[in-house]
Amino acid sequence: MLSFEEAFSKVISSVKRLPQDIVDLVDGLDCVLAGDIKAGFDIPPFNKSAMDGYALRSEDLSSQIEFLCIGELPAGTSQKLVINKGECVRIMTGSSLPPGADAVVMKENTEKQGERIRILKPVKPQENVCLKGEDVKKGDVILSHGSLLRPLEISLAASLGCNQIKIYQRPEVSILATGDEITEPGEDIGFGKIFNSNSYLLACLLSSMRIPYKSLGIAKDDENELRNKIEEGLESNLFILSGGVSVGDYDLVPKVLDSYGVEKIFHGISIKPGKPIFFGQSERCFVFGLPGNPVSVFVGFLLFIKPALDKMMGKEPKLHIQKGRLTEDYHQKPGRKQFSPVKATFDEGWIITPIRNYHGSGDLASLREANGFMIAGDEISHLSKDAEVEFILW
Ligand code: AMP
Ligand code: MG
């Protein structure tokens with residue numbers, strides 16, 4: 001069976017970055033920029049007042065403190081005024097400094113007597129002025145190819161006049177729950193049935209990554225029913241199924257995927273939970289078949305699907321593995337690399353407390369207390385209090 005590392009590298013080397021697309025600015029949030037964005041003009045585009053006050057020639061202040069106000073320049077005005085010796089103009093924050101003037105006196109440091117303005121505190125050249133091009137120079141690369149577009153980068157693109165942006169596409173994902181016993185929440189639940197929680201976990205994980213998804217509902221453990229849904233799921237860029245990938249008599253998913261030309265890349269990884277994870281590829285779609293137990297679904301998503309989606313979007317597909325110290329002894333059955341729920345808290349370093357009553361991959365409820373998975377190698381049966389351990393924070 002594949003090790004975790006082998007499976008991870010097979011996933012990452014198989015999935016490819018999606019093509020580029022041009023989208024409205026806000027729709028580019030959390031995507032990766034394709035191509036550089038250069039400044040088409042200086043920012044500020046003109047010498048700009050940083051204050052509400054009076055623009056004047058600072059050199060005049062060596063010989064006078066009273067100035068003649070010759071007019072007003074509100075922000076955005078295209079009105080032209082020229083300042084000569086002994087003159088000033090009423091100016092607002094963001095207005096273009098008029099020719100002649102080289103500084104602005106804050107309104108608070110002036111006294112108005114009709115047309116005459118008395119300056120109570122002198123200013124130096126360029127005081128209270130933002131100079132043309134001091135933030136951004138025309139022609140500079142402001143956002144470079146491969147940048148992650150966070151709110152700040154989006155607003156920076158807007159400040160350069162972009163209303164659309166070129167990005168690497170987000171994948172379209174389909175989700176399918178499988179199992180005769182699976183019932184949609186809100187419906188009546190009969191004996192032996194359980195509610196579908198996996199599709200909701202996956203939908204929320206995808207939503208939190210801003211990745212569009214389509215939920216295909218539930219397919220029974222029946223070849224015909226699986227066929228219809230699987231055919232539809234393979235239309236997306238990535239298809240996630242839960243349940244039906246183990247070795248039970250009704251675990252039909254790999255067989256039906258095969259009949260639709262999905263090439264198996266691996267089926268089975270030496271990890272706990274998540275051993276039966278299936279990964280395959282059709283012409284346009286990558287397929288993950290996750291075992292039905294909710295914790296396996298969560299582990300499978302964090303370890304493999306999220307990095308795969310990141311790579312498809314042009315991001316670096318990296319697992320953020322950190323180190324911390326155990327607060328108590330920990331025991332496990334050796335054999336597979338284990339991902340156990342823990343509560344990680346930070347106090348100078350990370351402190352890792354295993355979730356005591358966790359009893360396996362079906363135990364979604366125990367995860368309420370947890371915020372990460374501790375990673376313990378397949379040879380480990382015991383770790384002592386204070387041992388250094390690796391973990392992934394959710
Ligand atoms: P399977 O992988 O189909 O053998 O399912 C393993 C376990 O996960 C079984 O106990 C299923 O009832 C449970 N399970 C399967 N699908 C779901 C689902 N969509 N939501 C919650 N539990 C599920
Ligand atoms: Mg099943």
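Strands β5 and β6 (residues 87–91) run parallel to each other, paired over four bridges; strands here are DSSP E runs of at least two residues, helices are H or I runs of at least four, and both are numbered from the N terminus. Two strands count as paired if DSSP finds at least two bridges between them. This is a predicted model, where local features need pLDDT of at least 70 and side-chain atom pairs count only at pLDDT 80 or more, while totals for chains, interfaces and linings use all residues. Residues are numbered from 1 along each chain as its sequence is written, chains are lettered from A and ligands numbered from 1 in the order in which they are written, and side-chain values use heavy atoms, with hydrogens and water left out.

**Strand pairing around β5**
- Phe67 has Ile117 as its bridge partner in β9.

**Salt bridges**
- There are 13 salt bridges in the structure, each one a side-chain nitrogen of Lys or Arg within 4 Å of a carboxyl oxygen of Asp or Glu.
- Asp42 pairs up with Lys132 in one of them, with the closest N and O atoms 2.8 Å apart. That links distant parts of the chain, 90 residues apart: Asp42 is in the loop between β2 (37–38) and β3 (48–49), and Lys132 is in the loop between β10 (129–130) and β11 (141–143).
- Asp42 counts as buried at 16% relative accessibility, whereas Lys132 is partly exposed at 47%. The cut-offs are under 20% relative accessible area for buried, over 50% for exposed, and partly exposed in between (1.4 Å probe, protein chains only).
- Glu223 forms a salt bridge with Arg227, the closest N and O atoms being 3.3 Å apart. The two are four residues apart in helix α4, so about one helical turn separates them.
- Both ends of that pair are partly exposed, with Glu223 at 25% and Arg227 at 26%.
- Glu223 also meets Lys255 in a salt bridge, at 2.6 Å from N to O. This one links distant parts of the chain, from helix α4 to helix α5 (residues 253–259), across 32 residues.
- Elsewhere, salt bridges with shared partners tie Arg57, Glu59 and Asp60 into one network.

**A negative surface patch**
- Asp180, Glu181, Asp222 and Glu225 form a patch of negative charge on the surface.
- Asp222 belongs to the loop between β16 (213–219) and α4 (223–233), and is partly exposed with a relative accessible area of 34%.

**Backbone details to look at**
- Ile43 and Pro44 are joined by a cis peptide bond, omega about -10°, and Pro44 is in the loop between β2 and β3.
- Lys272 to Pro273 is also a cis peptide bond, with omega near -5°; Pro273 is in the loop between β19 (271–272) and β20 (278–281).
- Asp30 isn't a glycine, yet its phi is positive, near 70°. Its place is the loop between β1 (20–24) and β2, where Asp30 is partly exposed at 22%.
- Glu348 likewise has a positive phi, about 70°. Glu348 is in the loop between β24 (337–347) and β25 (349–354) and is exposed, at 80%.

- Ser147 and Ala34 are 113 residues apart in sequence but 8.1 Å apart in space, C-alpha to C-alpha.
- Ser147 lies in the loop between β11 and α2 (151–159) and counts as buried at 18% relative accessibility.

Key: Patch = residues over 30% accessible without salt bridge, like charges linked within 9 Å, V, L, I, M, F, W, Y side chains within 5 Å. Areas by Shrake-Rupley, 256 points an atom, 1.4 Å probe, with all protein chains shown as cover. Lys, Arg positive; Asp, Glu negative; His and termini not counted. Charge placed at Lys NZ, Arg CZ, Asp CG, Glu CD.
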